[in-house]
Structures are given as C-alpha cells and as structure tokens.
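Have a look at the structure first, then we'll go through the details.

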Amino acid sequence: MSPDTQRHTTHDAEDDPRNGDILIYVDGELTPRAEAKVSVYDSGFMLGDGMWEGMRLYNGTWAFFDEHMDRLFDSCKAVSLDIGMDRQGILDALTMTAEANGMITDVHCRLMVTRGVKVKPFQHPSLSRSGPTMVIIMEHSKPKDALQSRGIRLATVPQVRGLPTSQDPKFNSHSKLNCVIACLQAEEAGADEALMLDPHGFVNTTNACNFFIVRKGEVWTSTGDYCMNGVTRQKVIDLCRENAIPVFEKNYSLYEAYGADEAFLTGTFGAQTPVAEIDRKTIGTGERPVTARIRA
Ligand SMILES: Cc1ncc(COP(=O)(O)O)c(C=O)c1O
C-alpha cells in the first residue's frame, strides 16, 4: 500500500459551498435541498425500484444526452416503468433545474425515476399507484485534480458481477447493493474501490466505473457482458478506433491486469481515472502515455 493512507473515491469533487443552497427538482417543483423529500412509500426508497442517470453539463450542453436517454428509456422499458414524459420533457426539466440554480458548466446531475408511491408497504409493482417519481439533483462539481496524478487503489473482492438472469448489470437501478457490497469489501481490504470479476473469474469492472488496461500499446476492456454499458466506456472504444489505437473487448484475467503497463477507469463523473494499484501491486511504472492520449 502506498504511504497515502487517506481514502479516495472515483467521485472525489472539489468542495463547493454553493451546493449547500441548491434547488432540487421533485416532480416538477423546485425545493431547497434541506426540504426536498420523497414519500417513505416511494418505490425507489422502499425497494430500489427505479432507474437513474448521472450526467454532466459543460458550457450549457448536456454531454452525450442522447446516449444517456437511450440507456434510461431502454432500462425503463425493460422493467415496464413508464417515465411519463419524452426526451424533450426530460431536457426541459433539466433546463428548468439548471436555470433555477444558475448552473452552466461543471455541473453533475443525478436524474432519478422511480415507479412512484405505493399504497401499501409491499413489493408488488401494482401497489405503486401514483407516479412515477422524478427527482433531479444538480451540484456544482469539479473532479479533484489530485486523483489524476496519484491514481486510484483497487482491490479485487469476493462479490462478483451478476448474470443477466438475476439482475442484469446493465440496469442503472436504484438498487446498487451488489456494487455497494463490493465497495465495502474493497474498503475492508484497505483499497479505495472494488475491482469486480465476472462469474467465470475474468476481470470485469469496478463497483462504480468501467475498467480498462493497456498492454504493449493495446487497450483492453471486458467483453461488455456483466458490466454497466457505460456511455464513457463506449466513447473510449470509439475514440481508440478513430485514432488507430488497438482496442479489444475480451476476456482477460488478473494475471494480465497486474502485469498491465497502465490501467484506468471510465465514468461520466471523472472521464478517465488512472489506477495506481490493484491488490497492492503497483500498475506499470507510473508513466501513462496511452491514458493521457485518450484523456486529451
Ligand atoms: C457500475 C457502473 N459502472 C460504470 C458506470 C459508468 O457509466 P457512464 O460512463 O455511463 O457514466 C456507472 C455509472 O453509473 C456504474 O454505476
């Protein structure tokens, strides 16, 4: 373990006091953060029965809005959750929230849609009679620069990714318990976040981001089975293809991950975050030319 024993996450942001006074969108109303609430009968609170997207606003434009909407609408269709509005309606709600908060750039948004409020505290989806519930949290948010130089420390964990037949890992559902358990296990091991394997033992993803390695100038990531179909993951693959960087979606094991020249995570929040260690083994030499090129 490196001498830096402080805990870090891939979502470390600079402190911004303006976030103390933000307005939150709840079903069309804007409410100060301290008073923004959903019902204790809400399907999302009670069962994790909802879907969300993390998005970023740069210079007045939502990055990869269409891709985020594709994923949200596909996920909701798959679980018969009627969002109750179209993409333009969601864009209007985002614009309303951003304008009310005077936010234009370096903004992180969590857009959440749940099956709505239940009439009884039980599981059956038919008990969710009013809804959906839509919440938009927007914060001023700049990823901490320090993470780019020091990198993140990962530990492999016993918790594995799920099969599509249990809970498809492509669902960005409110229930993230599988990932939360993995993260807890990584913390127990003294790392920042978890590197999760697939049910066959191949390296798959982390608890909150997609995972890539670089070996001899080639960029490798998992086949895409068992992990979140990350918007940033796909953008990195496309970027490599467009710039003649060899990129492979394939099975590989920890053997190849430990011996990688570089490793990095992808996600909407941090774009690409370098990995410093996996299971206390230093990755590469600390030089990260391919990661730097992709990031640029
Ligand atoms: C488990 C997991 N992997 C990866 C990602 C990154 O996806 P994206 O690049 O679309 O932000 C997320 C984001 O929600 C996630 O929850």
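Let's start with a term: a polar contact is a pair of N or O atoms within 3.5 Å. Keep in mind that what you're looking at is a predicted model.

**Who surrounds the ligand**
- The ligand has 14 residues around it, and the closest are Arg 71, Lys 176, Val 231, Thr 232 and Thr 268.
- Sort that shell by type and you get five nonpolar, seven polar and two charged residues.

- In the side chain of Lys 176, an N or O atom sits 3.0 Å from an oxygen atom of the ligand.
- Asn 172 uses its side chain, with a polar atom 3.5 Å from a ligand oxygen.
- On its own, the ligand has 400 Å² of accessible area, and the protein covers 94% of that.

**A look at Ile 22**
- You'll find Ile 22 in the segment before β1, the strand that spans 23-26.
- Is Ile 22 buried or exposed? Ile 22 counts as buried because its relative accessibility is 2%, and the cut-off for buried is under 20%.
- Leaving out residues up to four places away in sequence, Ile 22 touches Thr 31, Pro 32, Arg 33, Asn 101, Met 103, Met 138 and Glu 139.
- Ala 296 is 274 residues away from Ile 22 along the chain, and their C-alpha atoms are 32 Å apart.

Key. Residues are numbered from 1 along each chain as its sequence is written. This is a predicted model: local features need pLDDT of at least 70, side-chain atom pairs count only at pLDDT 80 or more; totals for chains, interfaces and linings use all residues. Side-chain values use heavy atoms; hydrogens and water are left out. A residue is near a molecule or strand if one of its heavy atoms lies within 4 Å of it. A polar contact is a pair of N or O atoms within 3.5 Å; within protein, one must be able to donate a hydrogen and the other to accept it, and residues adjacent in sequence count only if both atoms are side-chain atoms. Accessible areas come from the Shrake-Rupley method with a 1.4 Å probe; for residues, only the protein chains shown count as cover. Ala, Val, Leu, Ile, Met, Phe, Trp, Tyr, Cys and Pro count as nonpolar, Asp, Glu, Lys and Arg as charged, and the others, Gly among them, as polar. Helices (H or I, at least four residues) and strands (E, at least two) are DSSP runs, numbered from the N terminus. Buried means under 20% relative accessible area, exposed over 50%, partly exposed in between (1.4 Å probe, protein chains only). Contact means heavy atoms within 4.5 Å.
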